[in-house]
Amino acid sequence: MNDTPSASLTAGFIRLNISQFCGAWNDNVFKVLAILFLIHLHGAGAAASIASMAAVVFIVPFLLFSAASGVLADRLSKRNILVFCKILEVGAMVAAALSFYFRYEPGLYLVLFLIGTHSALFSPSKFF
């Protein structure tokens with residue numbers, strides 16, 4: 001690999017895009033699986049309320065943390081914020097696996113909140 005600035009910028013940009021894609025994929029797949037799992041637990045009659053509650057729980061962190069995450073992105077190292085967000089994402093998915101395994105409904109909603117928080121924190125820091 002060539003060590004010119006444009007080559008390293010391109011490599012970093014590719015890694016950032018892969019990370020962003022995987023994070024968005026992970027968020028959406030988890031949200032759908034959690035909704036389907038909760039519908040399975042409560043029955044099809046509760047589907048609308050479960051989907052609505054999941055959407056609210058996922059969106060609230062954007063409302064709460066978007067402004068603060070923009071300030072953090074300006075003041076702290078963007079790289080450190082992105083690494084922290086990925087660690088948060090891995091921790092949230094471990095909690096998700098445990099919540100699925102133990103059929104712990106509040107845990108699934110908590111993980112939805114955490115991945116919404118992850119996305120809200122990640123978004124401002126991904127811009128150069």
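User: What is the relative accessible area of Thr117?

Analyst: This is a predicted model, in which local features need pLDDT of at least 70, side-chain atom pairs count only at pLDDT 80 or more, and totals for chains, interfaces and linings use all residues. Residues are numbered from 1 along each chain as its sequence is written, and side-chain values use heavy atoms, with hydrogens and water left out. Buried means under 20% relative accessible area, exposed means over 50%, and partly exposed is in between (1.4 Å probe, protein chains only). Thr117 counts as buried because its relative accessible area is 10%.

User: Which residues is Thr117 in contact with, leaving aside its neighbours within four places in sequence?

Analyst: Thr117 is part of helix α4; helices (H or I, at least four residues) and strands (E, at least two) are DSSP runs, numbered from the N terminus. Contact means heavy atoms within 4.5 Å. With neighbours within four places in sequence set aside, the contacts of Thr117 are Pro61 and Phe65.

User: Which residues does Ser125 touch, not counting those up to four places away in sequence?

Analyst: Ser125 also lies in helix α4. This serine is buried, as its relative accessible area is 2%. Not counting residues up to four places away in sequence, Ser125 touches Ala73, Lys78, Ile81 and Leu82.

User: How many residues are in the largest nonpolar core?

Analyst: A nonpolar core is a set of buried Ala, Val, Leu, Ile, Met, Phe, Trp, Tyr and Cys residues joined through side-chain atoms within 4.5 Å. In the largest one, the residues with the most contacts inside it are Phe30, Ile50, Tyr109, Val111, Leu112 and Ile115. Two or more residues come from each of α1 (5-42), α2 (47-75), α3 (78-102) and α4 (105-125). The residue count of this largest core is 17.

User: How many residues form the other core, apart from the largest one?

Analyst: This core lies apart from the largest one, and its members include Leu16, Ile81, Leu82 and Phe122. Its residue count is six.

User: Which residues does Ile50 touch, not counting those up to four places away in sequence?

Analyst: Ile50 is among the residues with the most contacts inside the largest nonpolar core. Not counting residues up to four places away in sequence, Ile50 touches Ile35, Leu38, Ile39, His42 and Tyr109.

User: At what angle do the axes of α2 and α4 cross?

Analyst: Two packed helices are described by the angle between their axes and the distance between the axes. Axes are lines fitted to C-alpha atoms, for helices over the stretch in contact, and angles run from 0 to 180 degrees between N-to-C directions. The axes of α2 and α4 come within 7 Å, and their crossing angle is roughly 35°.

User: How many charged residues are in the contact of α2 with α4?

Analyst: Ala, Val, Leu, Ile, Met, Phe, Trp, Tyr, Cys and Pro count as nonpolar, Asp, Glu, Lys and Arg as charged, and the others, Gly among them, as polar. The contact of α2 with α4 has 18 nonpolar and seven polar residues. Its number of charged residues is none.

User: What is the relative accessible area of Ala51?

Analyst: Ala51 belongs to helix α2. The residue is partly exposed, because its relative accessible area is 31%.

User: What is the phi of Arg103?

Analyst: Arg103 sits in the loop between α3 and α4. Its phi is positive in a residue other than glycine, with a value near 55°.

User: What pattern does the protein follow along the sequence?

Analyst: The protein has four helices and zero strands. Along the sequence, the pattern is α-α-α-α.
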